Amino acid sequence: MALTDEVKPEAWARESLPMLSPTAISYDFPAGGLDPFDLQEAETQWFVDARGYTRAWKHSEGERAVEYMSPTDSEFSKKIPMGYKYIRILEKLAVVTRGLLAREWPETSRAPDSMPDAHGYFQKFPYLVYFKRLREPSLYVREWRAAARTATSWPPSKSGEILTLPAENYRAALALALSFPPETDEAIMVVRVLDHFGYH
């Protein structure tokens, strides 16, 4: 699907947002947080990828002690055991469902951290496309190269049960999310990487 200069959420989405099935949450953090693919909350949200999804929270609620060497008594350290994994703090910017743009959120003014562990990767590719749950993994394997060609030359990456595709800018990432046929996944999310660090 080509991305025009003025892609807007479809009328059906504005009038009645689609109901999505619950996302598989690996870590119940933060307590009382949102489903990371939630469409109802109007404020831009942040969440964590730690080889599995955490819950999301409104960006106005702050960092939630998600940082390199978080205090051992913090909720983050207690809910997400340290292990051989990387932590990504992500800002949700759009969700595509049924092949249509369901909702967008504005980028916040929060600047990305330096992320030395990423060796410049997220300076080049600061946007990622996240899949909620691939209904047909073979479809992804067969078609990702053609779909990704307009966004980036880098391959997809798999971390735990999460599959992502990188892009150089938001419009390229959104175009990539919209390029997958509706049957690829129930929902596809575009995010901006705020931080990335080793957690082991």
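Guide: Welcome! Two strands are said to pair if DSSP finds at least two bridges between them. Helices (H or I, at least four residues) and strands (E, at least two) are themselves DSSP runs, numbered from the N terminus. Please keep in mind that this is a predicted model, in which local features need pLDDT of at least 70 and side-chain atom pairs count only at pLDDT 80 or more, while totals for chains, interfaces and linings use all residues. Residues are numbered from 1 along each chain as its sequence is written, and side-chain values use heavy atoms, with hydrogens and water left out.

Visitor: What makes E1 and E2 a pair?

Guide: Two bridges link E1 and E2 in the antiparallel sense, and the rule asks for at least two, so they pair.

Visitor: Why is H5 called largely enclosed?

Guide: Eight of its 10 residues are buried, so the rest of the structure largely encloses H5. The buried ones are Tyr170, Ala172, Ala173, Leu174, Ala175, Leu176, Ala177 and Leu178.

Visitor: How do you know that Asn169 caps the N-terminal end of H5?

Guide: A side-chain oxygen of Asn169 lies 3.2 Å from the backbone nitrogen of Arg171. A polar contact is a pair of N or O atoms within 3.5 Å (within protein, one must be able to donate a hydrogen and the other to accept it, and residues adjacent in sequence count only if both atoms are side-chain atoms). At 3.2 Å, the cap falls within that limit of 3.5 Å.

Visitor: Why is Glu186 called buried?

Guide: Glu186 has a relative accessible area of 13%, and the limit is under 20%, so the word applies. Glu186 is found in the loop between helix H5 (170–179) and strand E8 (187–198). The side chain of Glu186 meets that of Ser21 at 2.6 Å, a polar contact.

Visitor: How do you know that Arg192 is buried?

Guide: The relative accessible area of Arg192, a residue of strand E8, is 6%, so Arg192 counts as buried. Its side chain reaches the backbone oxygen of Arg110 at 3.0 Å. Leaving aside residues up to four places away in sequence, Arg192 touches several partners, including Ile89, Leu90, Glu91, Pro126 and Tyr127; contact here means heavy atoms within 4.5 Å.

Visitor: Why is His119 called exposed, but Arg51 only partly exposed?

Guide: His119 has 74% relative accessibility and counts as exposed, whereas Arg51 has 40% and is partly exposed. Exposed needs over 50%, so the value for Arg51 stays in the middle class. Neither is a glycine, yet phi is positive: about 60° for Arg51 and near 55° for His119. Arg51 sits in the loop between E1 and strand E2 (57–58), and His119 in the loop between strand E4 (100–104) and helix H3 (121–124).

Visitor: What makes a nonpolar surface patch?

Guide: Tyr68, Met69 and Met82 make one of about 380 Å². Patch residues have over 30% relative accessible area and no salt bridge; like charges are joined within 9 Å, nonpolar side chains (Val, Leu, Ile, Met, Phe, Trp, Tyr) within 5 Å. A salt bridge is a side-chain nitrogen of Lys or Arg within 4 Å of a carboxyl oxygen of Asp or Glu. Areas are Shrake-Rupley values with a 1.4 Å probe, and for residues only the protein chains shown count as cover. Met82 lies in the loop between helix H2 (75–79) and strand E3 (86–97).

Visitor: Which peptide bond is cis?

Guide: The bond from Phe29 to Pro30, with omega near -10°.

Methods:
Buried < 20%, exposed > 50% of the residue type's maximum accessible area, 1.4 Å probe, protein only.
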